[in-house]
Structures are given as C-alpha cells and as structure tokens.
Amino acid sequence: MSGITATPVPLAEAEHQEQEAGTLILTLTGACFFGLAPILESVLERISETPRHLVVDLSAVPVIDQTGARSLAAFLRRECQRGTEKIWITHASPADRRALRSADLPAGTRFAASVESALACLNADVARTQPDREAT
C-alpha cells in the first residue's frame, strides 16, 4: 500500500453539484495488503470531523487481498460507528467487490463505477431527503 489521500468535496463546487458539506473522498494508491491497517488508522487520526458521506476511490489500487479487504472493511465499520451515514466504493473490480463483501462491509455500503457517479448518487439522495424549499 503506497498511501491514502483524503479530499473533502469543496463547497465551491456546490453550483455544479448540490453536494452538502461532509463528504470526504479517500483515494487509495497501491496494492491493499496486510500493511493497510496502520495507514488507515493514521487517516482516522488526521480526520478531525467524521464525514457524513465517504467515497473510497480504488482507481489506483491494482489488487486487494483478503487481509487488505478485512482492514478496509473494519475501517469503514468504525467510520459508521463514528457517524458516517453513507459509504460508496468506486472503481472496484469484480474480484475486489467479492473480497470486500466477504470481509463484512458495513450495511448499506454501495459500489459505483466512478467517483463522479458516486457523488451524483449522493446528490440525488440528498435532494430526495431535503425539505422542499418552496414549501417553506
């Protein structure tokens, strides 16, 4: 595992995407093996606020073994316990999806083809749950 980059979705993009604050994109790079757990723990320490929505981008991950899948699933379960409401995993191959599903992902974790499609789904979910502004 080479690293993880945490990128909050900027509020400035709200004019393009009605994305509410609290979405964090985690971009993983390199192979996800047994060394993933300490790197994920360091990310937890750096994140001062629990993101409401989390998008995990696997586009730069060539392979995930069972140990890496279990580490990632455990990290995501802890994030849910801390208050993260929705988790999307993007760019996962069919083999990666199988490994992650067998590692006990949090209930409701979804997969998307890209970060953009995950954000679009989050936007649609947020729009459906927002009160109608004209009704007030």
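**Close-up views of a predicted model**

View 1. Over residues 11–21, pLDDT stays under 50. For this stretch the predicted model has 14 contacts beyond four places in sequence. Where pLDDT is low, the predicted coordinates should not be read in detail.

**View 2. Confidence along the chain.** The mean pLDDT of the chain is 82. A score of at least 70 is reached by 82% of the residues. Which element of the chain has the lowest mean pLDDT, and which the highest? The lowest belongs to helix 1, residues 36–46, with a mean of 76. The highest belongs to strand 5, residues 110–112, with a mean of 97.

**View 3. Helix 2 packs against helix 3.** Two packed helices are described by the angle between their axes and the distance between the axes. Here helix 2 covers residues 66–82 and helix 3 covers residues 94–102. Their axes lie 8 Å apart, at an angle of about 60°. That angle makes helix 2 oblique to helix 3. The crossing of helix 2 and helix 3 is right-handed.

**View 4. The residues between helix 2 and helix 3.** Which residues meet where these helices pack? Helix 2 brings Gln66, Ala69 and Leu72. Helix 3 brings Ala99, Leu100 and Ser102. By class, four residues in this contact of helix 2 with helix 3 are nonpolar and two are polar. No charged residues take part in the contact of helix 2 with helix 3.

**View 5. Ala103 in its loop.** Ala103 sits in the loop between helix 3 and strand 5. Is Ala103 buried or exposed? Its relative accessible area is 7%, so Ala103 is buried. Neighbours within four places in sequence aside, Ala103 is in contact with Ala69, Arg70, Ala73 and Arg77. Ser71 is 32 residues away from Ala103 along the chain. The C-alpha atoms of Ser71 and Ala103 are separated by 8.4 Å.

**View 6. Asp104, a positive phi.** Asp104 also lies in the loop between helix 3 and strand 5. Its phi is near 70°. That is a positive value in a residue other than glycine.

**View 7. His91, a positive phi in another loop.** Where is His91 placed? His91 is in the loop between strand 4, residues 86–90, and helix 3. His91 is not a glycine, yet its phi is positive, at about 60°. The relative accessibility of His91 is 35%, so this residue counts as partly exposed.

Note on methods
Residues numbered from 1 in each chain as written. Predicted model: local features only at pLDDT ≥ 70, side-chain atom pairs only at ≥ 80, totals over all residues. Heavy atoms only, no water. Axes fitted to C-alpha atoms, helices over the stretch in contact; angles between N-to-C directions. Helix = DSSP H or I, 4+ residues; strand = E, 2+ residues; numbered from the N terminus. Parallel < 35°, antiparallel > 145°, perpendicular 65-115°, else oblique. Left-handed = near helix turned anticlockwise from the far one by under 90°. Contact = heavy atoms within 4.5 Å. Nonpolar A, V, L, I, M, F, W, Y, C, P; charged D, E, K, R; others polar. pLDDT = per-residue confidence, 0-100. Buried < 20%, exposed > 50% of the residue type's maximum accessible area, 1.4 Å probe, protein only.
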